[in-house]
Amino acid sequence: MKKIFTLMLFSLLACMPAFFAGASAASYNTSTNWFDSKNVSHLNTIGQNIIKANKMPSTVTFKVTDNQNMNSEATYTQTVYIYSGDLKYVENDNELAAVVAHEIGHLVNGHTAKSSIFDSLLSSVNPNTKTENGSATVGLIKTISSNKVNKDNEKEADITAVDLLMTAGYNPLALISVVYKSDITETGGLLDSNLSCEERIMNIYDYANYNYPEKVKANYKTDSYQSALNLIYANLKIRKADSKKMEKAQKEQEKLQKEKLKRARNMAKSTNPWSSAYSLMQVSGN
C-alpha cells in the first residue's frame, strides 16, 4: 500500500509543472507592448509552432509592424510581419496564433502576388470612353472587380487559418473571437476587407463546424466568442427555417472542399514554399 501511495505521489508531482504552466498561460490586453523583445520572442514561438506543425519553411522570422502592407516580399525574405493593430485584440495564445495563422493564410494562397497581377491588369484596362458617365462606369467595374478579389482572398485566408490552427493544436474558434472584437472596436487590420464582420464570422464558423465539428462543439470560452455566438445562432436559426438556405450552406461547404483540393493540386506545382508545404498537408490528410 505504501508503494502504491508513493507512486501516486510521484505521479502527482510530475503533473504539477504542467498544471501550473496552464494556470499561468500568457494573457494580453489592449495595452500590451507588442514591440517589446519578450513579446516578439513569444510571437515567434507561436509562429514557429504553427510552421513546424504544418511542415512549412523553418527559417521564417516573425516581426511586428505598424504597416498593414509589409508582407509583399515575405515569400522571398522569409520575414513575416504581423500588424500591431491586429495584436491589440489578442487575449491569449490561441488568439495570437489565430492572427499569425490568418497572415500565413494569405502567404500560403499567394494573395499578394495574385492581387498585384490583378491590379496591373485592371490598370491596363483603359477603354476609350467618350462620356463622363462612360469613364465612371469603367471605374465602378474596376472597383467591384477589385472588391471581389479582396473578398475571396479574405475567405481563403480565414479557412486556411482554421486548418493551420487545428494542425498546430490551437483552437480555430479564436479567429472568430478576434474578428468580432476588432469589428466592435474599429475597422482595419483583420477587418480591412470588403467582407462584413458577420460574413467573416459565419464563413469561419461554417467551415470549422463542417470540418471539425467536435472542436466547435467543445466551444471556446471567451466573452467575445460567446457574444459572437449570439450572432451565429441568430443566423443559424434563420437558415434552419428556410430549406433553400440550408441546402445552399451545405453546397457551399462541399464546394469549398473541392476547391481546397484543387488549390492543393495547383500549389503542388508552385515555387512558393508556403504553398507547396500546405499542399502536401492537405493531400496527405495530415
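Let's start with K251 and E247. They sit four residues apart in helix α12 (residues 243–267), so about one helical turn separates them. Helices here are DSSP runs of H or I with at least four residues, strands are E runs of at least two, and both are numbered from the N terminus. The side chains of K251 and E247 meet in a salt bridge, at 3.1 Å from N to O. By salt bridge I mean a side-chain nitrogen of Lys or Arg within 4 Å of a carboxyl oxygen of Asp or Glu. E247 counts as partly exposed, at 45% relative accessibility. The scale is this: buried is under 20% relative accessible area, exposed is over 50%, and partly exposed is in between, with a 1.4 Å probe and protein chains only.

A word on the source. This is a predicted model, where local features need pLDDT of at least 70, side-chain atom pairs count only at pLDDT 80 or more, and totals for chains, interfaces and linings use all residues. Residues are numbered from 1 along each chain as its sequence is written, and side-chain values use heavy atoms, leaving out hydrogens and water.

Back to the charges. How many salt bridges does a search of the whole structure find? Seven.

Take K155 and E199. Their closest N and O atoms are 3.9 Å apart, and they form a salt bridge. K155 is partly exposed, at 29% relative accessibility. E199 is partly exposed too, with a relative accessible area of 30%.

Next, D158 and R200. Their side chains meet in a salt bridge, 2.5 Å from N to O. Again the pair links distant parts of the chain, with D158 in helix α7 and R200 in helix α9, 42 residues apart. Are these two buried or exposed? D158 is buried, with a relative accessible area of 1%. R200 is buried as well, at 0% relative accessibility. The R200 and D158 side chains also make a polar contact, at 2.5 Å. That term means a pair of N or O atoms within 3.5 Å; within protein, one must be able to donate a hydrogen and the other to accept it, and residues adjacent in sequence count only if both atoms are side-chain atoms.

Salt bridges link E91, E95 and K181.

Now the whole chain. It has 13 helices and two strands. Of its 286 residues, 42% are buried. Count contacts (heavy atoms within 4.5 Å). Among those with a separation of 6 or more, 68% join residues 24 or more positions apart. The accessible surface is about 16000 Å², and 55% of it belongs to carbon and sulfur atoms. Those areas come from the Shrake-Rupley method with a 1.4 Å probe; for residues, only the protein chains shown count as cover.

Last, confidence. pLDDT is the predictor's confidence in each residue, from 0 to 100. The chain averages 75, and 62% of the residues score at least 70. Where is confidence lowest, and where highest? Helix α1 (residues 2–23) is lowest, at a mean of 41, and helix α10 (residues 213–218) is highest, at 96. Residues 1–24 have pLDDT below 50, and this stretch has zero contacts in the model beyond near neighbours in sequence. Residues 279–286 are also below 50, but that stretch has 14 such contacts. Where pLDDT is low, the predicted coordinates should not be read in detail.
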